[in-house]
Amino acid sequence: MTAALFYFIACLTIISALFVVLNRNPVYSAVMLVFCFFSLAALYVLLEAYFVAVLEIIVYAGAIMVLFLFVIMLINVGKEIAATSIIVKAKVLPFVLVVLFSLNIILLILWRNEGLHQSNTISSVGSITAIGQALFTKYLLPFEIASLLLLVALIGTVYLAKKRVS
Amino acid sequence: MIVPLEHVIILSIIIFSIGIMGVVFRKNVIIIFMSIELMLNAVNLSLVGFSRYYNSVDGQVFVFLVMTLAAAEVAVGLAIIVSLFRNKQTINIDEINILRG
């Protein structure tokens with residue numbers, strides 16, 4: 001039952017991802033991207049990664065997509081919609097390369113000799129306690145570097161977006 | 001796990017390929033950015049799948065760090081787009097060629 005639910009939500013994710021790429025209007029693309037993030041969060045819940053699922057909705061569907069929509073509204077996209085076309089000529093080679101790349105990995109995964117053995121031990125891997133303990137003991141240095149990265153991004157954004165006064 | 005690990009990885013590869021297609025084929029800078037987000041999410045999905053498979057919390061910590069990186073990247077990138085639009089009045093990458101790329 002849950003497996004069927006997983007495949008159903010996986011199909012929804014793929015379809016919404018396709019719509020993100022194929023849509024002509026950036027606003028519709030953003031809405032489909034929000035849908036894609038929500039279905040990915042549902043997949044994380046099914047994989048019992050609850051903390052990541054909540055983080056996905058808060059960070060991606062909440063913060064990042066609001067930022068995207070702000071910029072789309074700031075930039076007048078009205079005339080861009082008519083100018084850009086979906087079908088691009090003479091780009092067969094990258095298409096074939098990407099398809100071959102993904103088929104290659106899929107076949108490699110499906111046709112391995114030894115099967116992946118299923119681990120059935122019940123653990124509290126998805127719990128916030130376990131992630132917090134790992135984050136503040138084993139991964140303390142990457143955590144601090146990530147906070148530094150956010151600070152640098154903050155300063156860079158303010159510097160880039162401010163009006164030049166000459 | 002409720003599904004085999006292979007299926008999670010295959011789903012991740014499909015989403016990643018869709019993201020590559022978006023980066024290669026679209027001309028709108030904002031849509032290219034959204035495709036990059038899609039690719040980052042595909043990687044996150046495979047990390048969560050491996051984390052479940054090995055019953056280890058490390059993968060989910062990496063997802064946390066990747067999300068931090070994505071937030072920083074989007075903030076800086078969108079600021080660049082806004083400042084680019086202010087200077088050139090376009091977001092079509094065919095017309096942004098001052099570096100002769």
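Of the 166 residues in chain A, 25% are buried, where buried means 20 or more other C-beta atoms within 10 Å of a residue's own, exposed means 12 or fewer, and partly exposed is in between, with C-beta atoms placed from the backbone. Keep in mind that this is a predicted model, in which local features need pLDDT of at least 70, side-chain atom pairs count only at pLDDT 80 or more, and totals for chains, interfaces and linings use all residues. As for labels, residues are numbered from 1 along each chain as its sequence is written, while chains are lettered from A and ligands numbered from 1 in the order in which they are written.

Chain A comes to seven helices and zero strands, so reading from the N terminus you simply get α-α-α-α-α-α-α (helices are DSSP runs of H or I with at least four residues, strands are runs of E with at least two, and numbering starts at the N terminus). Among the contacts in chain A with a separation of 6 or more, 55% join residues 24 or more positions apart; a contact here is a pair of C-beta atoms, placed from the backbone, within 7 Å.

Now for the inside. The largest nonpolar core has 64 residues, and A:Leu43, A:Tyr44, B:Ile30 and B:Met34 have the most contacts inside it. Such a core is a set of buried Ala, Val, Leu, Ile, Met, Phe, Trp, Tyr and Cys residues joined through C-beta atoms within 7 Å. At least two of its residues come from each of α1 (2-22), α2 (26-46) and α3 (50-74) of chain A and α1 (5-25), α2 (29-53) and α3 (58-88) of chain B. The top contributor is α2(A), with twelve residues. Take A:Tyr44: setting aside neighbours within four places in sequence, it touches A:Ala49, A:Val52, A:Ala53, A:Glu56 and B:Val48.

How many residues of each chain are in contact with the other chain? The count is 65 in chain A and 61 in chain B. On the chain A side, α3(A) gives the largest share, eleven residues. By class, that side has 51 nonpolar, eleven polar and three charged residues (Ala, Val, Leu, Ile, Met, Phe, Trp, Tyr, Cys and Pro count as nonpolar, Asp, Glu, Lys and Arg as charged, and the others, Gly among them, as polar).

α5(A) and α1(B) pack at about 170 degrees with axes 10 Å apart, the axes being lines fitted to C-alpha atoms over the stretch in contact, with angles from 0 to 180 degrees between N-to-C directions. The pair is therefore roughly antiparallel; under 35 degrees would be roughly parallel, over 145 is roughly antiparallel, 65 to 115 is roughly perpendicular and the rest is oblique. Residues meeting here include A:Val98 and A:Ile105 from α5(A) and B:Ile13 and B:Met21 from α1(B). In total this contact has 13 nonpolar, two polar and one charged residues.

The other pair is α6 (residues 128-137) of chain A with α3(B), whose axes come within 9 Å and cross at roughly 70 degrees, which makes α6(A) roughly perpendicular to α3(B). A:Ile131, A:Ala134 and A:Leu135 face B:Asp58, B:Gln60, B:Val61 and B:Phe64 in this contact.

Finally, find B:Tyr54 in the loop between α2 and α3 of chain B. B:Tyr54 is partly exposed, because 13 other C-beta atoms lie within 10 Å.

Key: Contact = placed C-beta atoms within 7 Å.
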